[in-house]
Amino acid sequence: MNDNNNNSNGYLDMELMRFTTAGSVDDGKSTLIGRLLYDSKSIFEDQIEAIETASKNRGKEEADLALLTDGLRAEREQGITIDVAYRYFATPKRKFIIADTPGHIQYTRNMVTGASTANLAVILIDARNGVVEQTLRHTYIASLLQIPHIVVCINKMDLIDYNEKKYHKIKRHFMEFAPKLDIKDIRFIPISALKGDNVVDSSKKMEWYTGATLMHVLENIFISGDSNYVDARFPVQYVIRPQNNKYHDYRGYGGRIDGGIFRVGDKVKILPSGFESEIKSIDTLNESLELAYAPQSVSVTIKDDIDISRGDMIVKSNNLPNQSQDITAMISWFHERPLIVGGKYSLRHTTKDIRCMVKEVRFKMDINTLERNYDDKTIKMNDIARIHIRTTQPLFYDSYRRNRNTGSFILIDEVTNETVGAGMIIERI
Amino acid sequence: MNKYNLNHLRELEAESIFIFREVAAQFDNPVILFSGGKDSIVMFHLARKAFHPAKVPIPLLHIDTGHNFKETLKFRDDLVEKFGVKLYVGSVQKTIDQGKVQEETGYNASRNVLQTTTLLDAIEEHKFDAAIGGGRRDEEKARAKERFFSYRDEFGQWDPKNQRPELWNLFNGKKRMGEHFRVFPLSNWTELDVWQYIFMENIEIPSIYFTHKREVFKRDGVWLATASFMTLKPDEKAEVLDVRCRTIGDITNTGLTLSKADNLKDIIDEIAVVRTTERGTRFDDKRSETAMEDRKKEGYF
């Protein structure tokens, strides 16, 4: 694709883009990923040799690109993707992280995990089958997790003779349910991952399609506007006290900016104490900064001597987050043991670690039909539901829709320490 | 890029710093696994960033196979002195002497697998509750499934099918007595990212990453360094060539690259066009299709 791929000139202007792909074995997901990796020269000779050998051992004639991502013994033996696999490739414009997740309903939790940090979701539709239950489910998860951009790839166009009418029919069908979902940006591309049409190069077989190729979209779609630069949020992660002669009285607050922009001199409020002060410096090993923004990791010092510790949040005095002990959220359940109404769980929100009680299940979502079920409220593994929880201390939060960092939490089983659920906070009305 | 935007290296850096601080906050007795290779050097650099202007509050642990390049050991000792960090050394030789493991024999004998026992012993002896490693997901297919915070049971074992889900930047390091975590701050870095970052940040690395003359021989298509504990087969012959290391393991399994690259820029250009993965030159991964997964389950790095 390009010969000076990744050379040492120019890589300082590369952006990082995370995207997710969800799909089952048959809809060409592995072929698509294989092509993106292969065409960007990210598959190496020893990897190709290794999968050729492995494919032959399994009685296959052609190299099975799925073996590239399905790394675990159990996955290779059963020929399925079980877990989220992360894959990496780069072009001169961007470095990409693919969260490759299985598509079946019993792996909803893996899809949710992969989607939680993605800038973009690639949704694959087999052109022969059109919109199916799985399409709806993947799109719903992408909207629930607020992935800012969705690219619907209508794949295997070669098997329907690159038929424009059929493509538009699938697109129309998709747009019938899309408005019910909370999607900010959606686009469609007719492709053949196998033949390479509209993946990296424009298809000569589909001149009726004048839009961008998938690679063009991945490389050029504007993603830096997706971050929240308005609501300044700095959860304190770790208190830095050098206690040496040079920095005798230094007390820095290490953390990652979860939203907005902080400048030296900004009037800030410390939560939960409510004390007000001013940002004195923003420090890094290389230099002190005038300003810092999400998602930078910095160390902040403030003017006044206030007791601040991990779990506190520094915000701007003129822009406060919500504060409550009663939280309504969508929850994705991860564990074989069902959610217990009235049960107590550990809750981690930003850098804060507290406890909560699940007060109520409002409804369960049927993610195949997008209908709300108010009758069956047992929440089992892979279920998605709206719940109400009460926390032992107030949470300082934004709605998940407004800020994915300050609007998300996980629930942890207090006995086994396992992560059992992931929550997305809904603005209280 | 708009004005409030990080390039990919700064974004990876921010993520890794976040992980280091999270470890310091969530664990009582963490340790950084330090091999003297480029990944562990970059890790230590990121740790300095995470805790600046304080010293890195986490000690280093080197699992010493006794088969190291002498340049690596010197680099390790210089770094420890320069930054005033505590160093623990776990000796594979000692594990062998204690009779806990048996030295492999034959031409391809390696202490690679034996390291696991030494590592788990060191973790138990010093009661480390988090061991921070330089593993990257792009290195190997089993590593691609690894978490940032990877739970290990009381036997130090990894169960790939029963891992804690990781969402957003919420990391769950809760554990019971005797259990520990492996933590991988460089999970999302690629080999090229690491080299670009070393260049961007001007990080010092051992001299053997640059071209030098060394006595080498070829085995199964891989150039290996000669050493007193390496036995040449009758048809193998030693010769002096211009080589450099692409990865640094111990001498028995570090494949050398024929190269005249004497600066970082040339190395980056070389990596960008090279057609094999860095682990493709590592003998330890060639043993079977799931060699890495099998070793990791037992408690390997």
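Good morning. I begin with strand E5 of chain B, residues 149–152, which is covered on both faces: B:Phe149 and B:Tyr151 on one side, and B:Ser150 and B:Arg152 on the other, are all buried. Buried means that 20 or more other C-beta atoms, placed from the backbone, lie within 10 Å of the residue's own. Strands are DSSP runs of E with at least two residues, helices are runs of H or I with at least four, and both are numbered from the N terminus.

This is a predicted model, in which local features need pLDDT of at least 70 and side-chain atom pairs pLDDT 80 or more, while totals for chains, interfaces and linings use all residues. Residues are numbered from 1 along each chain as its sequence is written, with chains lettered from A and ligands numbered from 1 in the order written.

E5(B) runs antiparallel to strand E6 of chain B, residues 180–183, and four bridges join them; pairing requires at least two DSSP bridges. Within E6(B), B:Arg182 is the bridge partner of B:Ser150.

I turn to the contact between the chains. Chain B contributes 59 residues and chain A 63, where contact means C-beta atoms, placed from the backbone, within 7 Å. On the side of chain B that touches chain A, the elements giving two or more residues are helices H1 (8–26), H2 (38–51), H6 (191–201) and H7 (264–273) of chain B. H1(B) gives the most, with 10 residues.

Finally, consider H2(B). It is largely enclosed by the rest of the structure, because 13 of its 14 residues are buried.

How values were computed. Buried ≥ 20, exposed ≤ 12 C-beta atoms within 10 Å, placed from the backbone. Contact = placed C-beta atoms within 7 Å.
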